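User: I would like a close look at one part of this model, the surroundings of the ligand. Please take me through them in one connected answer.

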Amino acid sequence: MYFSKMLIPTLREAPSDADIISAKLMIRAGMIRKVSSGLYEFLPLGLKALRKVETIIREEMNAAGGQEVILPLLFPKELWLETGRWNVYGKELFRLKDRKEAEFCLAPTAEEGITDLIRKNINSYKQLPLMLYQFGTKFRDEIRPRFGIMRAREFLMKDGYSFHADEADLEKYYKIMFDAYTNICKRCGFKFRAVEAASGAIGGSFSHEFMVLAETGEEEIAHCECGYGANTEKAETLPFEPLTEELLNMEEVFTPDIGSVEDVSKFLNANPEKFIKTMIYIADNQPLAVLVRGDFEVNEVKLQAYLGANELVLADESTINDITGAPCGFAGPVNLKKKIKIIADLSVVNVKNAVVGANKKDYHLKNVNAGRDYKYGESADLRKIAEGDICPRCKKGKISFSRGIEVGHAFKLGTKYSKSMNASYLDTNGKENLIVMGCYGIGVTRILAATIEQSHDENGIIWPDNIAPFEVIIVPVNFADEKTKEAAEKIYNELTAKGLDVLVDDRDERAGIKFKDADLTGIPYRITIGEKNLANGNVELKARKDGKEGIKLLKPEDAVAELLNIFKK
Ligand code: ATP
Ligand code: MG
């Protein structure tokens, strides 16, 4: 391809609303343009890179036995009513009506669609197992679309679904998909981790998120040297060893205008580990109190899952007043004004002689002990894991945190969808069984952005060889010079004949501008043809990832040979 013929509108500056380096660079490199919040156009260079990611994913899905299909983007409401997700999905679901007032949604994911296809076309064990996948646009009305194509309202996803006769077969296939996802991440050149994304209660491996490690990632990952990794939203925590401590008498202490754990700890000269915070929540209109140690936070994702609640919110000031009889900051489990359910996080069950709010303005209680001074109904793992915690898996190492971008998600669905939509098959005995399912999503557009987050410098993008829109850029310093042009075209023809994707910067621009654009667009290898070097029989070869010191002066045929060698052509 010739630069002058392509639409590559590079920019010196990123627009002011581009909020992350990958978005800035993709826009500056002329790969994407923003249409409106969370909606982007892919320009030729952006699409070329996207197709490379798609190819890697397609190859891995096919190698794992997947078959490609295309489902509609528009789904009738009735399908979504069957699984209940029409109501559960909430505002993220784009809904619309046709001319006859029939309701539809734009697919945010396609479990309903694929399960409908399967129940109509699979009836025997002989047709199982099966894995179908598609590359499809997904629509989600995100609360806060941001970070360019990383959290968009319309994006490209590869979603795959597998169908099995039983759990054991799903388990076996899940491992194959796990490996396929690992291969995809490796081929994209990612530094990544596959982390547990659901509590270990169900074996610790029923859902995995593939996280690209990056400071700008929205997700927080807890990990241990033993190999354990989990999203901090889901990571399990362990109870603490009981301390042998004499139980002291409970005392009320005056703590004027001091409500926060930090301030009360200082005031009473007590360690935050002695403090029990009492958080009042409303779960599906029911108030409840959650007790957690002063130095930890309640994990609302865990709490909501534990309660099986559709909605969970912290109680507002007036509700807290109503329930505890005191303003915010003085809630405690002893003598709550209203009798509500109290759940203790595992971190508090062994705390002796605790400090708690007294349910009375400006007062706390010291030396409070569960059983003697108050009772909780149940205890569970409800807190957010913290750095320095003992690893819940090896029970020895210490937990550290990193940030990550979730690019993929593999999930054992079991019979969740086949049950509600009645997708079954007849087994060898002619008995009807529900089909067991797995689902595997990967954000194709998000992968592009994640790659740039991990691989760029102050001059622009540095594409890994596998997903670069072009593998080589030829920069003739003066394309109008006949000999230069001839040399450029010869190299171009030799490389493209072997299947390399090559861009020739044939523009009538200064060399400095061409070099800047070559760096910005991140093409991995640059061949520069200058008149002087050429007169001596040489061209320059430089890898994008190397600095000027990496420039090699080579004969054109040697430069071609070296590139063919690098790309194994
Ligand atoms: P997140 O926690 O980031 O919202 P999710 O759990 O909603 O992600 P899934 O439903 O598992 O995501 O979707 C599968 C994949 O689709 C994700 O791993 C991610 O790569 C991609 N994805 C999800 N939401 C978006 C979005 N708004 N924009 C771009 N890609 C997305
Ligand atoms: Mg989401």
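Which backbone N or O atom lies 3.2 Å from a nitrogen atom of ligand 1?

Analyst: That backbone atom belongs to Met150, and the distance to the ligand nitrogen is 3.2 Å. Keep in mind that this is a predicted model. Confidence comes before the details. The protein chain has an average pLDDT of 94, and 99% of its residues reach at least 70. One stretch, residues 199-204, falls below 50. Beyond near neighbours in sequence, residues 199-204 make five contacts in the model.

Now the polar contacts made by side chains. Arg151 places a polar side-chain atom 2.6 Å from an oxygen atom of ligand 1. His409 also contributes through its side chain: one of its polar atoms lies 3.1 Å from an oxygen atom of the ligand. How much of ligand 1 does the protein bury? Taken alone, the ligand exposes 590 Å², and the protein buries 83% of that area.

Next, the shell as a whole. Ligand 1 is surrounded by 15 residues. The closest are Glu142, Arg151, Ala152, Glu406 and Val407.

Which strands supply the shell? β8, spanning 154-164, gives at least two residues, and so does β21, spanning 400-414. The largest share comes from β21, with four residues.

Six residues of the shell are nonpolar and six are charged. The other three are polar.

Methods
Residues are numbered from 1 along each chain as its sequence is written. Chains are lettered from A and ligands numbered from 1 in the order in which they are written. This is a predicted model: local features need pLDDT of at least 70, side-chain atom pairs count only at pLDDT 80 or more; totals for chains, interfaces and linings use all residues. Side-chain values use heavy atoms; hydrogens and water are left out. pLDDT is the predictor's confidence in each residue, from 0 to 100. Contact means heavy atoms within 4.5 Å. A residue is near a molecule or strand if one of its heavy atoms lies within 4 Å of it. A polar contact is a pair of N or O atoms within 3.5 Å; within protein, one must be able to donate a hydrogen and the other to accept it, and residues adjacent in sequence count only if both atoms are side-chain atoms. Accessible areas come from the Shrake-Rupley method with a 1.4 Å probe; for residues, only the protein chains shown count as cover. Ala, Val, Leu, Ile, Met, Phe, Trp, Tyr, Cys and Pro count as nonpolar, Asp, Glu, Lys and Arg as charged, and the others, Gly among them, as polar.
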